[in-house]
Number of protein chains: 2
Amino acid sequence: MAIGILGGGQLGRMIALAGYALGQRFVFLDPSPVANAGHVGSLRVGTYDDEERLADLARSSDVVTYEFENVPVASARFLNELVPVYPPPIALEVSQDRLDEKQFFQGLGIPTPPFAAVSSRAELDRAVGELGLPVVIKTRRFGYDGKGQMVLRTDADVARAWEALEAAALIVEGLVPFVRELSILSVRGKDGETRFWPLVENEHRAGVLRLSVPKSEAWTAELQARAETMATAVLEKLGYVGVLAIELFHTADDRLLVNEMAPRVHNSGHWTIECAETSQFENHVRAIVGMPLGSTRLVGHSAMLNAIGQLPPRDVVLAVEGAHLHAYGKEAAPGRKLGHVTVRAETRAELHAKIAQLRPIVDPVTRS
Amino acid sequence: MAIGILGGGQLGRMIALAGYALGQRFVFLDPSPVANAGHVGSLRVGTYDDEERLADLARSSDVVTYEFENVPVASARFLNELVPVYPPPIALEVSQDRLDEKQFFQGLGIPTPPFAAVSSRAELDRAVGELGLPVVIKTRRFGYDGKGQMVLRTDADVARAWEALEAAALIVEGLVPFVRELSILSVRGKDGETRFWPLVENEHRAGVLRLSVPKSEAWTAELQARAETMATAVLEKLGYVGVLAIELFHTADDRLLVNEMAPRVHNSGHWTIECAETSQFENHVRAIVGMPLGSTRLVGHSAMLNAIGQLPPRDVVLAVEGAHLHAYGKEAAPGRKLGHVTVRAETRAELHAKIAQLRPIVDPVTRS
């Protein structure tokens, strides 16, 4: 069976590396001839809206998935006429527009931070008035890793933001004070079976994920159940197939608010390769091909650290017992995700010691 | 860094699948244009003695390894003039001839079953007289998975064997009654660092490995230490770099006799992908590239079952919690290794229950 993947980055690469053991073959479509998934499978070079390349991908594939949520919805729908596309294009559509996405959650009764659509200066002022500063202003489309968003704390910030962003369709969100960021990773099969990995606690800096810790000290069965209920509503509503990640804010008064979702395998689930019985990548393949889903139980205590802008000194990382390096095979560039390190330990104390040991090596930027 | 691999079968494929995370690239040389490692890396088609293809592989590689011990030694030496070859060609040379291999072990003081070289009918009769029936007669070269060997129990067997095998250089070995077969998997880095995985208990049928259980009930620290001492002697003597497997007989009177060695990653180590902190495939890559070696500790209780001749029904296997399918992407054929299933459990009791559950599915041949 051949799986076509829109996008040839590290997520596609890790899907393929997991899927080969299941006897699958992989074909990637990516605009870049040096896309790093090309090292591990067949790479077709083309833009995501080139119907000839899309049709070619469909002909080569029994099922198509995507590793990148800014693939044009029209392309996913075009492909879906030719070959099954999972997750369903509707999931792509909902998640591409921050306003649609928030309204979608709202419609399911899933709490989100307060928000308002903004397409004029008057609407911006009204939204700021209603929500009260500080707020976050975001472009509705094509944002990721903190791009296309600004925090507004003063009236001067508001004016400056409008100057910078006025061309775009915008959303303004209340800046919810949260005590931690969490994510719930879920997977749904074609037959509707669902599985959830334990909640992951995430730490971002400059809008980019730095550290993920599954089942951290903040984890409770009650919190897990609440997150699973939310994820289930989303999965069911979308008739979802594949892995879905939902990012959450956990507030001081124990509310769980949805920030956003990603209809794909997710950076906060990379630790599952070594530290869950079945990785998000394998379960994504199992789901879209129609295989039974695998166990999501934890294997040991673990954490994942992202390597941003530069890869850590390889031999220093590998000399740490239980450290697993994942280099994505990309050219280094400032702010670029080049790899990650997962560490597995037998106890929580050992885990924290290893995070402390690895952090200055893998993520050496002065903390702000 | 690019790693060239002689042989494009499942072992090469699994080396690559592990090595990509370490940022490596892979090029395979195999006589078959449909070699299954070609799915996951660049495949060059050519015979192992084609110097033009070998030179081409060397030009494309920073280091060369092999996944198949019947690669011509001359080819490994030719390559080694152009680019480092690990494990060193001497390891290939020693392991390709059963007589040289046994004499090599003998020279290191490592016990083996009694043996004698045979190149005439008179030598055969003398060997049988000395060792006493039953014996095993083997071709000295190109045997694997029980091929090129016969058990002789009667004088008629001896006569028949001579008729069948007289053209070949032969070795006759005493048929040692053993209580179990074990293997010790080891890895040695360029700097001489060595690591050992826990002893594996192996079950063969018709000369082919069927079941491997690491750290089985027969395991003791003393047995592990004895096996490690033997492996260390071999590793040091050969100036070895990479993974080495040594197959052992454990006798009723608690002797540990070496049967043979394989200078490569080994079928009895496939469980390490999920169930050791570092797999044999990853540590092989780490060793030959010159990275620090990874921990060989066990992660849970595990076993591996080989799928011979046919793949098991995929969905039945995957529905077993903790079962991990590895399909090699090969055409089915009688007796061919098409895949394996590793199962991981949290307790020994659970492990045995899962082996009992999986065995009729993965290895359904009527037991003889």
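This is a predicted model: local features need pLDDT of at least 70, side-chain atom pairs count only at pLDDT 80 or more; totals for chains, interfaces and linings use all residues.

User: Fine. How much do chain B and chain A bury between them?
Analyst: About 3100 Å². Carbon and sulfur atoms carry 50% of it. The contact takes 37 residues from chain A and 36 residues from chain B.

User: What rotation superposes chain B on chain A?
Analyst: One of 180°, with 0.0 Å of shift along the axis. The RMSD is 0.0 Å. That is the relation of a two-fold axis. In chain B, the C-alpha nearest the axis belongs to B:Val40, at 2.5 Å.

User: And do the copies meet through the same surface or different ones?
Analyst: The same surface, because 100% of the interface residues of chain B are also interface residues in chain A.

User: How many salt bridges are there between chain B and chain A?
Analyst: The count is 6. One pairs A:Glu321 with B:Arg195, at 2.8 Å from N to O.

User: Which elements of chain B give two or more residues to the side that touches chain A?
Analyst: Helix H1 (10-19), helix H10 (280-289), helix H11 (314-318) and strand E16 (323-327) of chain B. E16(B) gives the most, with 5 residues.

User: Switching to the inside. Which residues touch the most other members of the largest nonpolar core?
Analyst: A:Phe26, A:Leu358, B:Phe26 and B:Leu358. That core has 111 residues.

User: What is A:Phe26 in contact with, leaving aside neighbours within four places in sequence?
Analyst: Its partners include A:Ile3, A:Ile5 and A:Ile15. A:Tyr20 and A:Val285 are also among them.

User: Now helix H2 of chain B. Which of its residues are buried?
Analyst: H2(B) covers residues 51-60, and B:Leu54, B:Ala55, B:Asp56, B:Leu57 and B:Ala58 are buried. The buried residues of H2(B) pack against strands E1 (2-6), E2 (25-30), E3 (42-45) and E4 (63-66), plus helix H3 (73-80), of chain B.

User: What happens at the start of H2(B)?
Analyst: A side-chain oxygen of B:Asp50 reaches to within 3.0 Å of the backbone nitrogen of B:Glu52.

User: Back to charges. How many salt bridges over all chains?
Analyst: A search of the whole structure finds 57. In one of them, A:Asp363 pairs with A:Arg210, with the closest N and O atoms 3.3 Å apart. The two sit 153 residues apart: A:Asp363 in the segment after helix H12 (348-362), A:Arg210 in strand E12 (residues 208-214), both of chain A.

User: Are A:Asp363 and A:Arg210 buried or exposed?
Analyst: Both are buried. Compare A:Arg314 and A:Asp315, which meet in a salt bridge at 3.0 Å, N to O. A:Arg314 counts as partly exposed, because its relative accessibility is 28%. A:Asp315 has 33%, so A:Asp315 counts as partly exposed too.

User: What does B:Glu173 form a salt bridge with?
Analyst: With B:Lys138; the closest N and O atoms are 3.1 Å apart. The pair links strand E8 (residues 170-174) to strand E6 (residues 135-139) of chain B, 35 residues apart. B:Glu173 and B:Lys138 are both buried.

User: Which residues of chain B are joined into one network by salt bridges that share partners?
Analyst: B:Glu203, B:Arg205, B:Arg210, B:Arg359 and B:Asp363.

Terms used: Residues are numbered from 1 along each chain as its sequence is written. Chains are lettered from A and ligands numbered from 1 in the order in which they are written. Side-chain values use heavy atoms; hydrogens and water are left out. Copies are superposed by least squares on the C-alpha atoms of residues with pLDDT of at least 70 in both. Contact means heavy atoms within 4.5 Å. A nonpolar core is a set of buried Ala, Val, Leu, Ile, Met, Phe, Trp, Tyr and Cys residues joined through side-chain atoms within 4.5 Å. Buried means under 20% relative accessible area, exposed over 50%, partly exposed in between (1.4 Å probe, protein chains only). Buried area is the accessible area (1.4 Å probe) that two parts lose on being put together, summed over both. A salt bridge is a side-chain nitrogen of Lys or Arg within 4 Å of a carboxyl oxygen of Asp or Glu. Helices (H or I, at least four residues) and strands (E, at least two) are DSSP runs, numbered from the N terminus. A polar contact is a pair of N or O atoms within 3.5 Å; within protein, one must be able to donate a hydrogen and the other to accept it, and residues adjacent in sequence count only if both atoms are side-chain atoms.
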